[in-house]
Amino acid sequence: MVDRIANIWGNRTPFEREGLWPVRVDQKLADGLTDADVDRWVQSACVLCSNGCGCDIAVKDGRMVGVRGRAADIVNHGRLGPKGLFASWQGVDNRDRLTRPLIRVDGELVETDWDTAMTRIVERSRALLDERGPLTHGFYTSGQLFLEEYYALGIVGKAGVGTPHMDGNTRLCTATAAAAMKESFGSDGQPGSYVDIDECDAIFLFGHNMAETQTVLWMRVLDRIAGPDRPLVVCVDPRETEVARHADVHLAVRPGTNLALMNGLVRELFEHGWIDEEYVREHTLGVDELKATVEQWTPEAVAEVCGIDPNDVRRAARIFGTSERVLSTVLQGFYQSHQATASACQVNNLHLLTGKLGRRGAGILQMNGQPTAQNTRECGADGDLPGFRNWENQDHVAELARLWKVHVDQIPHWAPPTHAMQIFRYAEQGSIELLWISATNPAVSMPQSPRIRRILAKEELFVVVQDLYLTETARLADVVLPAAGWGEKQGTYTNVNRTVHLSDKAIEPPGEARSDLDIFLDYARRMDFRNDEGQPLIDWSGPEDGFRAWQECSRGRPCDYTGLSYERLRGGSGIPWPCNDEHPDGTVRLYRDGQFPTEPDYCESYGHDLLTGASVPPQEYRAMRPDGRAFLKAAEHVPPHEEPSDDYPLRYTTGRTAYHFHTRTKTGRARQLNAAAPSAWLEMSTADAERLGIREGDVVSVRSPRGEIVVPARVGNVIEGTVFAPFHYGYWERDAVGPGEEPTAANELTLTEWDPVSKQPVFKIAAVRVQRVRDGNGPAPAPTTTASRPADADAVAPTRGVDAEVLELVGAAEPPRVATKEEHG
């Protein structure tokens, strides 16, 4: 048994390059139970990060009582991370669950029945549509529903209501992943595969604290590092993360300087001739403009802006340029910045310039942050057109109209889809009067939290929330709908590297809770949405009908699911799309032939100016004649919107810890995880702490031009001049919407700005001042096992688990059949 709180990544199972990652089955059962006590195991996949680990749910007496990794799954080979082990079933099996609908009566939320709650929604919805039209409606969803639910929501919003105001909280975490792939390759869809970890010579992690955000993926990296021919590791992060501790080069850049670094790395490739000239000539466009743009970014120029050693820039570039196989991963350190898309595109450029793409060990993972974020984007729940269709392509809109049997003008396509930040702005201004929020908690997770709370509290705004718990957002709603959670419904979902999993229903939801799919279908029936033939707009009887409908929508598109089925997804591993007649066993990696989906009649987007966000006109795009070639996009570095000043002298950045997910609605209810990181803190460098007279555990005030948090200080390993706060901690444990006297939510301080292309908010850059308030009650509540470890390790007791022992069975089964080298190509 292994304490998987103290030992987050478990025991090592080393393997060599091109070897198969050994199986290790991780299992956690409820206290006092053994395998013999389990009535049955039900197939699923974990939903507590974007990795998408295959797992089985243990059921006893109609309750979920445990979880184990699936040895046969290509994603995890049996492993699970701490969140999956301790908060998967535990995060939904809680007495706090919503079990009946709530409606607001005389200012208070009171329980009611489903008919009353849905009638109130439908009456308000119909009145607004009749009086003012579809632009009065906004839908804001999640990255944690199932594919079938997103597709139903996409149809309801676009073809039923007819509103362009649809987005997901995926806008906050990984909208830039999609944007960067559209800009470079013509369409969303990860080029690489997790298998590339097994086969690469070097791994670059750009703003990606993989060790905490995708713990199982980091296990895979650790096992390669422990093997006989370890890959070189390059880390870009302002904190000394676990990734940085294992890195051969750690580029600890100042927040807001990513593009300067990337332009410098690209320049080094040109300077030293590390360019695959033939690949660039045959498969790309834009090399001359890119070369001219990066010319000024010498290692010394990069060092001055980024605050790093110029020789480290040279070393990192040499590793990339001279390694045969390089895997790059990118996440929120790049995505949540002011030049997010431009920076992420430079990662794509590194691979395109060197031809390190579409082959074993050479790939890109523009990572997601949530388990089903890929489906949010695929199905159009984020405002884009389903199936990676192009809203500016009239033929693509007409395809959807024929599929849904509605008039083409019913589908909004006269302007870009409305992104989340603009949706809330419209609600603030009063043009959106009904806002439907599903499975997300914007009162804590959106930037500038005080403003978001004011918007949601407006009397003129009718707010519907469907969720598992009475979150800070739900407390502000007019109607609250109790939703079924993981294990309580059936459906499919797709992870970062396009692997599709089926999650079968294990148990019934508590009380009167319903699946999100049932809720959306009920709304569509009550609204009497019909197609042009007079038939119900959505005539599904359940999730499998929804999956079949989605297959037809995906037919012929980059995300083709036509070769999949519920039956094919049962019993073995998840399968990566595209899966169709041409690729009957799925597709491990994209672009092996150097052909990209950039054809004007096929591409998902015509692209943008990376500096301004201005759209490339369709005629201009066609004139470039991409002919299946990728784009080498370039942009100049510009300073962030907000930089340190005399009043606010420190840079402020936010992020995650290994033990929590989003706003802790699930992980905060798992005693093992909550004990490891029970409340908020602020990390600062030793030098900054000494200058300000702050010691470990002292309570400090952190103030920006927008607000304040009051939390204990962790004197740790972030770079001097920068402070860090985890964004998970809101106020639900206080039974409150807002902060009271001592705020703790990191987004009290963040600013309402976004990347010009992806529209992703800027969570990584703000200016703050820090002042000591009083002595603390001991060390800060930050864990010692992660990037939040104290600078003085002897001064703080190490983080240990509470009932955190996990069974790890190494070599418990044969390696996954789909993970053989031959099938990797």
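1. Helices and strands here are DSSP runs, numbered from the N terminus. The model is predicted. With those labels, Pro578 sits in the loop between β21 (575–576) and α25 (618–623). The peptide bond that joins Trp577 to Pro578 is cis, with omega at about -5 degrees. Most peptide bonds are trans, which is the reason for listing this one.

2. Most residues other than glycine have a negative phi. Asp61, which is not a glycine, has a positive phi, near 55 degrees. Asp61 belongs to the loop between β4 (54–60) and β5 (63–69). Its relative accessible area is 63%, so Asp61 is exposed; the cut-off for that word is over 50%.

3. The second case is Asp106, where phi is positive at about 50 degrees, again in a residue that is not a glycine. Asp106 lies in the loop between β6 (102–105) and β7 (108–111). Asp106 counts as exposed because its relative accessibility is 79%.

4. How do helices α5 and α16 pack? Helix α5 (residues 175–185) meets helix α16 (residues 340–354) at an angle of about 50 degrees, and their axes are 9 Å apart. That angle makes α5 oblique to α16. The crossing of α5 past α16 is right-handed.

5. On the α5 side, the contact is made by Thr176, Ala179, Ala180, Met181, Glu183, Ser184 and Phe185. On the α16 side, the residues are Ala340, Thr341, Ala344, Cys345, Asn348 and Leu352. By type, the residues of this contact divide into eight nonpolar, four polar and one charged. Glu183 of α5 is in the contact, and Glu counts as charged.

6. How many disulfides does the model contain? The count comes to zero. A disulfide would need a pair of cysteine sulfur atoms within 2.5 Å. For Cys49, the closest cysteine sulfur is that of Cys53, at 5.9 Å, so the two are too far for a bond. Cys49 is buried, with a relative accessible area of 13%, and the cut-off for buried is under 20%.

7. The relative accessible area of Cys379 is 0%, so Cys379 is buried.

Terms used
Residues are numbered from 1 along each chain as its sequence is written. This is a predicted model: local features need pLDDT of at least 70, side-chain atom pairs count only at pLDDT 80 or more; totals for chains, interfaces and linings use all residues. Side-chain values use heavy atoms; hydrogens and water are left out. Axes are lines fitted to C-alpha atoms, for helices over the stretch in contact, and angles run from 0 to 180 degrees between N-to-C directions. Helices (H or I, at least four residues) and strands (E, at least two) are DSSP runs, numbered from the N terminus. Angles under 35 degrees count as roughly parallel, over 145 as roughly antiparallel, 65 to 115 as roughly perpendicular and the rest as oblique. A crossing is left-handed if the near helix is turned anticlockwise from the far one by less than a right angle, and right-handed if clockwise. Contact means heavy atoms within 4.5 Å. Buried means under 20% relative accessible area, exposed over 50%, partly exposed in between (1.4 Å probe, protein chains only).
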